[in-house]
Amino acid sequence: MKDIMSYKGYMGSVHYSDDDQLFFGKIEYIESLINFEGMNLESLRQAFEEAVDDYLELCREENIEPELSFGGNELAWAEEHPPALTYI
């Protein structure tokens, strides 16, 4: 099971709140705080992609260089975060 999504060089976390009965996440490994949420995994994925696209559009409008998760290098993330052991 993965708890990270990727899109256009950005990595988004995946979490679930049982109290609120919704999925939520944020774009990881950048200084800007960009959150997203959805009622199911499909809507979470859509919200994540929309958040990335909105962030990139805002950067274009403001003439700001957008940050990238690990500089857009997902392999760097994988090398720094090897699979963890799961105990049941």
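User: Which strand does His15 lie in?
Analyst: His15 belongs to strand E3, residues 15–17; strands (E, at least two residues) and helices (H or I, at least four) are DSSP runs numbered from the N terminus. The model is a predicted one, in which local features need pLDDT of at least 70 and side-chain atom pairs count only at pLDDT 80 or more, while totals for chains, interfaces and linings use all residues. Residues are numbered from 1 along each chain as its sequence is written, and side-chain values use heavy atoms, with hydrogens and water left out.

User: What is the relative accessible area of His15?
Analyst: The value is 38%, so His15 counts as partly exposed. Buried means under 20% relative accessible area, exposed means over 50%, and partly exposed lies in between (1.4 Å probe, protein chains only).

User: And which residues does His15 touch?
Analyst: Not counting residues up to four places away in sequence, His15 touches Leu22, Phe23, Phe24 and Gly25, where contact means heavy atoms within 4.5 Å. The C-alpha atoms of His15 and Gly25 are separated by 5.8 Å, although these residues are ten apart along the chain.

User: Which side chain makes a polar contact with the His15 side chain?
Analyst: That is the side chain of Ser13, at 3.5 Å. A polar contact is a pair of N or O atoms within 3.5 Å; within protein, one must be able to donate a hydrogen and the other to accept it, and residues adjacent in sequence count only if both atoms are side-chain atoms.

User: Changing topic: is Glu28 buried or exposed?
Analyst: Glu28 is buried, because its relative accessible area is 15%. Glu28 is placed in strand E4 and, leaving aside neighbours within four places in sequence, is in contact with Ile4, Met11, Gly12, Ser13 and Ser69.

User: How many bridges join E4 to E5?
Analyst: Four bridges join these antiparallel strands; pairing requires at least two bridges found by DSSP. The two strands form a hairpin with six residues between them, and Tyr29 in the turn has a positive phi of about 65°. Phe23 stands opposite Gly38 in E5.

User: Which residues make up the covered face of E5?
Analyst: Phe36 and Gly38 form the covered face, whereas Asn35 and Glu37 form the uncovered one. In a regular strand the side chains alternate between the two faces of the sheet.

User: What does Phe36 touch?
Analyst: Beyond residues up to four places away in sequence, the contacts of Phe36 include Met5, Phe24, Ile27, Leu44 and Phe48.
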